[in-house]
Amino acid sequence: MKFAVLRFPGSNCDQDCLHVLSGLPNSTADYVWHKDVSLSGFDAVVVPGGFSYGDYLRCGAIARFSPIMGALKEFAAAGGPVIGICNGFQILCESGLLPGALVRNKGLHFVCRHQHVRVETTRSPFTRKATQGQVLDLPIAHGEGCYFADEAALARLDREDRVILRYCTPNGKRGENPNGSCADIAGICNEQRNVFGLMPHPERACDEMLGSTDGRTVFESLLG
Amino acid sequence: MKVHVTVLPKPSVLDPQGSATAEAIRHLGIAGVGRVRIGKMIELELPDATPEEEIHRISRDLLSNPVIEDYSIARA
């Protein structure tokens with residue numbers, strides 16, 4: 001599988017993503033600069049974390065207008081798998097590829113630690129190798145990770161089984177929420193189920209040395 | 001002309017900065033402060049003939065996110 005890792009001015013998890021993706025079996029990964037206009041030849045796209053455009057105006061608000069975003073929308077519309085991690089999730093929401101928005105953490109602080117999340121559905125190309133209710137230990141690092149959507153949008157996400165990950169306790173129970181996200185949401189997918197946005201960093205949990213390898217589940221699921 | 005666009009979080013969106021600031025105002029010893037909301041004001045320099053609809057387009061599509069924010073426009 002050939003992965004594209006988008007790079008915006010201010011992306012800073014691009015190298016971690018490339019490192020992990022190019023280490024997957026039968027996989028290669030390349031950077032794609034935000035001023036490029038084509039994603040042809042790629043099988044999957046990762047929009048990495050960081051602070052695109054310095055988070056000016058709103059997180060992801062300016063990246064949304066980068067030239068590559070036209071190609072990303074076409075890629076997604078054609079059913080290509082897209083993962084937006086952290087700032088990548090914010091960019092996908094700003095660009096309308098995912099519903100809702102990410103706002104300032106309820107506690108106002110930047111939160112940087114490991115956090116447990118529960119796999120709410122395996123009916124996605126990103127979690128099909130997980131088990132329902134599986135608890136993953138993933139790092140989070142964000143100041144604007146509080147997921148917000150209005151009640152109708154939240155009800156729809158639930159009804160369509162589109163909440164992929166929820167924050168949880170180490171035992172997989174509800175009640176631990178690091179940022180005030182509506183309904184403890186840590187990751188969602190679009191209606192077609194091929195665009196996935198999440199605040200935790202699976203790419204930072206793919207090596208024993210880093211304390212968790214639970215992030216591999218996401219990338220290995222993509223390999224099919 | 002100069003145009004001031006004010007962007008504020010929607011009433012339904014949690015505004016922890018506003019809540020923390022309301023608390024700080026109470027610490028100043030000033031009672032009676034209600035809800036405080038924090039947004040931003042953006043000053044634009046535009047040609048005098050700029051149509052109203054274009055200012056709305058800038059405000060709606062870029063300066064604010066309609067999911068979480070409302071905006072208002074004032075000619076300075």
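This is a predicted model: local features need pLDDT of at least 70, side-chain atom pairs count only at pLDDT 80 or more; totals for chains, interfaces and linings use all residues.

User: Where do I start with chain B, and how much of its accessible surface belongs to carbon and sulfur atoms?

Analyst: Accessible areas come from the Shrake-Rupley method with a 1.4 Å probe, and for residues only the protein chains shown count as cover. Chain B comes to about 4,600 Å², with 57% of that belonging to carbon and sulfur atoms. Residues are numbered from 1 along each chain as its sequence is written, chains are lettered from A and ligands numbered from 1 in the order in which they are written, and side-chain values use heavy atoms, with hydrogens and water left out.

User: Which elements does chain B have, and in what order do they run?

Analyst: Helices (H or I, at least four residues) and strands (E, at least two) are DSSP runs, numbered from the N terminus. Chain B has 2 helices and 3 strands, running β-α-β-α-β from the N terminus on. Its radius of gyration is 15 Å, well over the 11 Å that the globule rule gives for 76 residues, so chain B is more spread out than a compact globule. That radius is taken over C-alpha atoms, and the rule is 2.2 Å times the number of residues to the power 0.38. The C-alpha trace of chain B spans about 50 × 25 × 15 Å along its principal axes.

User: What does the globule rule say about chain A?

Analyst: For 224 residues a compact globule would have a radius near 17 Å, and the 16 Å of chain A agrees. Chain A holds 5 helices and 11 strands, and its C-alpha atoms fill a box of roughly 40 × 40 × 35 Å along the principal axes.

User: How many of the residues in each chain are buried?

Analyst: Buried means under 20% relative accessible area, exposed over 50%, and partly exposed in between (1.4 Å probe, protein chains only). In chain A, 58% of the 224 residues count as buried; in chain B, buried residues make up 28% of 76.

User: Which residues touch the most other members of the largest nonpolar core?

Analyst: A nonpolar core is a set of buried Ala, Val, Leu, Ile, Met, Phe, Trp, Tyr and Cys residues joined through side-chain atoms within 4.5 Å. In the largest one, of 72 residues, A:Leu39, A:Leu72 and A:Tyr147 touch the most other members. Helix 2 (residues 68–77) of chain A gives this core its largest share, 6 residues. Apart from it lies another core of 8 residues, including B:Ile42 and B:Leu63.

User: Where does A:Ala63 sit, and what does it touch?

Analyst: Contact means heavy atoms within 4.5 Å. A:Ala63 is in the loop between strand 3 (44–47) and helix 2 of chain A, and is buried, with a relative accessible area of 0%. Not counting residues up to four places away in sequence, A:Ala63 touches A:Phe8, A:Ser52, A:Tyr53, A:Met69 and A:Ile91.

User: What is the phi of A:Asp161 and of A:Arg193?

Analyst: Most residues other than glycine have a negative phi. A:Asp161 has a positive value, near 55 degrees, in the loop between helix 4 (151–159) and strand 9 (163–167) of chain A. For A:Arg193 phi is near 70 degrees, also positive. A:Asp161 is partly exposed, at 25% relative accessible area, whereas A:Arg193 is buried, at 12%.
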